[in-house]
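Subject: Structure for your review

Dear colleague,

Please find below the structure that I am handing over to you. My findings follow it, arranged from the overall fold down to single residues.

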Amino acid sequence: MKQAIQIAENVYWVGVHDYNCRHFHGHIFPIAEGTTYNAYLIVDEQITVIDTVEAEFMDIMLERIRSVIGDQPIHHLIVQHAEPDHSGGFTQFMKEYPDAIPYASNAGIQIMQKQYFKEYPFQKVKTGDQLVIGKETLTFVEMPLIHWPDNMMSYLNNAHILFSNDAFGQHICSQQRFDENFCLTHCLEQAKLYYANIVMPYGDRVAKKLDELAKLNWEIAMIAPAHGIIWKQYITQILDAYREYATFGAQNKAVIIYESIWKHTRDMAEALAEGLGKAGMEVKVYQASITDDALMMKELLDAKLILIGSGCYNNEMAATIAALLTKLNTCHMKGKQGLGFGSYGWYRNTVSSINQKLVEAGITLCDETILSQNYTPSTEDLDQYSAWGMELGNKIMNQSK
Ligand code: FEO
């Protein structure tokens with residue numbers, strides 16, 4: 001029988017592991033080692049559950065709940081987020097516990113009805129509302145569009161636990177439930193990967209929500225998200241990291257992403273990387289078609305310079321590059337500089353098209369140069385790209401002094 005894991009006095013993790021998940025949110029976000037769907041059980045005078053899990057794992061969640069409360073009834077189910085990884089088990093839960101009262105934000109109630117085609121006796125909650133469950137009280141804070149319209153978090157007043165739902169999540173799929181079992185670097189890298197792929201477009205809202213949380217002045221002993229490990233030892237660090245992510249806090253880092261058939265654009269990318277590296281910048285170079293989108297998004301989050309290259313295919317940029325630029329246009333990036341580059345044969349406008357897309361994505365062009373190469377770059381051409389990269393790198397490094 002699957003057991004619950006106690007995380008504080010009268011508070012239990014009753015979530016599940018999805019060890020085989022490799023593509024989170026459909027095929028949009030590849031992940032390396034699976035994930036967890038975290039749900040929590042609070043045993044007080046009125047027993048309360050925070051979130052459910054994906055439908056296929058719901059029997060496991062119910063086993064964990066019963067390992068603590070046996071056949072006792074559950075009084076409240078808090079639906080912090082309607083996305084199916086946290087609400088998929090809702091209908092089964094309500095069959096098992098028909099007297100439980102479900103709670104959600106206004107948007108959450110509407111989405112739940114549109115997803116599960118049935119009216120349930122939802123109680124609507126908004127920021128500041130409280131639910132007294134015995135000695136403990138839950139206080140709700142809505143966080144609309146971080147990252148769906150309905151997301152909210154719940155604070156357990158006496159235990160000082162912030163159930164944060166998707167916020168502060170990461171895909172660390174482990175039997176260990178707390179951050180203290182892992183090094184800080186690993187936890188923050190995983191949190192950054194998650195943020196860049198799920199939350200990045202909502203940075204302004206994240207920054208405001210962090211301000212709102214700070215003003216509440218809540219003592220926080222744990223941040224318990226809906227994916228991955230619970231933050232206990234590194235709470236200050238993850239809050240600071242989110243502040244950085246939300247404002248696109250940029251490092252002296254260049255990310256070069258390209259697509260190339262006959263290696264000409266690739267050679268340009270690598271020459272530019274050499275020059276930027278000589279200037280002291282950290283440089284990441286990726287061929288789009290063989291690199292996970294998720295990794296590229298993570299590296300773009302804190303890059304200062306973004307160079308996008310493509311050869312010319314039927315008078316257009318490569319489809320992978322067009323798709324990436326479309327994605328960048330949804331990210332509302334701030335403070336980034338960029339430029340297009342690429343080799344062409346008989347249609348020379350691809351680089352201009354890339355530059356236009358970069359501008360549309362809110363990325364400032366770092367130079368007026370059109371980095372367009374007709375057919376094969378010679379050794380001299382590549383030396384010039386490298387020298388140009390070094391000059392650009394020096395300029396960007398000097399801007400941050
Ligand atoms: Fe983890 Fe927005 O679902």
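In the protein chain, 72% of the contacts with a separation of 6 or more are made by residues 24 or more positions apart. Please bear in mind that this is a predicted model. The chain holds 12 helices and 22 strands. Of its 401 residues, 55% are buried. The C-alpha trace spans about 80 × 45 × 35 Å along its principal axes.

Helix α12

Helix α12 covers residues 379-399, 21 residues in total. From its first C-alpha to its last it reaches 30 Å, close to the 30 Å expected at 1.5 Å a residue. Which residues of α12 are buried? They are Y385, S386, W388, G389, L392, G393, I396 and M397. An α-helix has 3.6 residues a turn, so residues three or four places apart point the same way. The cover over the buried residues of α12 includes one helix, α8 (264-278), together with the strands β19 (305-310), β20 (337-344) and β22 (371-374).

Helices α5 and α9

Two packed helices are described by the angle between their axes and the distance between the axes. For helix α5 (residues 184-199) and helix α9 (residues 293-301), the axes come within 8 Å and cross at roughly 100 degrees. An angle of 65 to 115 degrees counts as roughly perpendicular, and α5 and α9 are therefore roughly perpendicular to each other. On the α5 side, the contact is formed by E189, K192, L193, Y195, A196 and N197. These meet D293, A294, L295, M297, K298 and L301 in α9. Sorted by class, the contact of α5 with α9 has 7 nonpolar, 1 polar and 4 charged residues.

Cysteines

How many disulfides does a search of the whole structure find? The search finds 0. For C21, the nearest cysteine sulfur is that of C173, at 8.8 Å. A disulfide requires the two sulfur atoms to be within 2.5 Å, so C21 is in no disulfide. C21 is buried, with a relative accessible area of 9%, whereas C312 is partly exposed, at 23%.

Loop residues

K232 lies in the loop between β16 (222-225) and α7 (235-246). Its relative accessible area is 33%, which places K232 in the partly exposed class. Although K232 and F178 are 54 residues apart in sequence, their C-alpha atoms are 6.7 Å apart in space. Leaving aside residues up to four places away in sequence, K232 touches F178, D179, E180, A221 and M222.

The peptide bond from I146 to H147 is cis, with omega near 15 degrees. H147 belongs to the loop between β13 (137-142) and β14 (152-156).

D51 and N315 each have a positive phi of about 65 degrees, although neither is a glycine. D51 is located in the loop between β8 (48-50) and α1 (58-69), while N315 is found in the loop between β19 and α10 (319-329). Is each of these residues buried or partly exposed? D51 counts as buried, at 2% relative accessibility. N315, at 40% relative accessibility, counts as partly exposed.

With kind regards

Terms used:
Residues numbered from 1 in each chain as written. Predicted model: local features only at pLDDT ≥ 70, side-chain atom pairs only at ≥ 80, totals over all residues. Heavy atoms only, no water. Helix = DSSP H or I, 4+ residues; strand = E, 2+ residues; numbered from the N terminus. Expected span 1.5 Å × (residues − 1). Buried < 20%, exposed > 50% of the residue type's maximum accessible area, 1.4 Å probe, protein only. Contact = heavy atoms within 4.5 Å. Axes fitted to C-alpha atoms, helices over the stretch in contact; angles between N-to-C directions. Parallel < 35°, antiparallel > 145°, perpendicular 65-115°, else oblique. Nonpolar A, V, L, I, M, F, W, Y, C, P; charged D, E, K, R; others polar.
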